[in-house]
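Please open the model in your viewer and keep the selection panel at hand. The tour below moves from one selection to the next.

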There are 2 protein chains.
Amino acid sequence: MCATPSDAGPGLAFADHDHSHCAQDTLARADELSAERGARLTPVRRRALEILLESHRAMGAYEVLERLAEDGFGKQPPVAYRALDFLVELGLVHRIRRLNAFAACTHPGEAHVPAFLICRRCEAVAEAPAEAVRRAMEAASAALGFRIERTNIEALGLCPACSGAEP
Amino acid sequence: MCATPSDAGPGLAFADHDHSHCAQDTLARADELSAERGARLTPVRRRALEILLESHRAMGAYEVLERLAEDGFGKQPPVAYRALDFLVELGLVHRIRRLNAFAACTHPGEAHVPAFLICRRCEAVAEAPAEAVRRAMEAASAALGFRIERTNIEALGLCPACSGAEP
DNA sequence: TATCGTATGTAATATCATAACATGTCAAGT
DNA sequence: ACTTGACATGTTATGATATTACATACGATA
């Protein structure tokens, strides 16, 4: 129910979706995963994740930093980068390199390889199911003897809405 | 025959390969493609491509810029970025976002979606055959009504050599 | 040769990211 | 309770990457 959040542009999917559980699920998951690896979901880290969940779109590190600073956390870049890197490690936040941005994962429950579809016209970003892409990557890399640990899969193009507007 | 070029670290493939035709083929292709789109393969552009072909590895824009400047071209960042962007448009150079770098394509003949395998230990970069990956991406995006124009597919992990060294 | 689109060069600046170091916090062991 | 050591935060400073804006030059073509 937050396909068009008040404080943001387009969300992380092209179609409406039920977002009501995203935040709570993800925060719970964050606690679990942190504990699993003997780390803590500290206030900054938690808040950083909340910020991404609230806006529900891709945000630059400095943008997140600004929000953290407003909440009384540190004002310097490392504050944001450290929190974000931590969340990326957990797999709950993805880094979208083409946009120099971060976004909370929209499928925190499933282990998955994220694939982002970025509209070059309206800048919407969607996270696509990419299980098949992952398998293809595995196959291609295994043939070369390469062992994959992380992937960044991003596509630039036109989202459904803009595809009509600009053929 | 240039798997380990004198002026560079690891090349763009994990295994040795016949590189003797890469440069010439690609330069010829660059001429064709430029003409096709009513543009010109000007000296800076040509030289930028040669630089990437010679070193045969991923290079940062500023690194390319330095080499261009040595050859009498402009010394400011836009000089490099413009030439590189042009070559990326042509599809003869790929941008590797995780490395903030550019690399000449190793399969200039085929239309293809590039997929890079980046070793986090020795920093070698290989361009993997990714036809299957491309198909999977198409399928995933078509299901959402998204029209792909460009992709960045990058995997981080361990190359064959480092995979043994660090299990 | 006048003109227009393309391409290059430069200066200035914006944006993104990290290194290095000081301080603070928390839990385990004594 | 006190010490210790690992983890976490905060700050300063700087590095690295990328773009905007504008002036100049080139090249095809009418």
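This is a predicted model: local features need pLDDT of at least 70, side-chain atom pairs count only at pLDDT 80 or more; totals for chains, interfaces and linings use all residues.

Residues are numbered from 1 along each chain as its sequence is written, while chains are lettered from A and ligands numbered from 1 in the order in which they are written.

Select DNA strand D, and then the 20 residues around it, where a residue is near if its C-beta atom, placed from the backbone, lies within 6 Å. Those that come nearest are Ala39(A), Thr42(A), Gly74(A), Gln76(A) and Pro77(B).

Next, select H3(B) and H4(B), whose axes (lines fitted to C-alpha atoms, for helices over the stretch in contact, with angles from 0 to 180 degrees between N-to-C directions) come within 9 Å and cross at roughly 105°. The two helices are therefore roughly perpendicular to each other, the term for angles of 65 to 115 degrees. In this contact, Ala61(B), Val64(B), Leu65(B) and Leu68(B) of H3(B) meet Pro77(B), Val79(B), Ala80(B), Tyr81(B) and Leu84(B) of H4(B), a contact being C-beta atoms, placed from the backbone, within 7 Å.

Finally, select Pro108(B), in the loop between strand S2 (101-104) and strand S3 (115-119) of chain B; helices (H or I, at least four residues) and strands (E, at least two) are DSSP runs, numbered from the N terminus. Leaving aside neighbours within four places in sequence, Pro108(B) is in contact with Asp25(B), Thr26(B), Arg29(B) and Leu92(B). The C-alpha atoms of Pro108(B) and Gly91(B), 17 residues apart along the chain, are separated by 7.7 Å.

Conventions:
Two residues are in contact if their C-beta atoms, placed from the backbone, lie within 7 Å. Angles under 35 degrees count as roughly parallel, over 145 as roughly antiparallel, 65 to 115 as roughly perpendicular and the rest as oblique.
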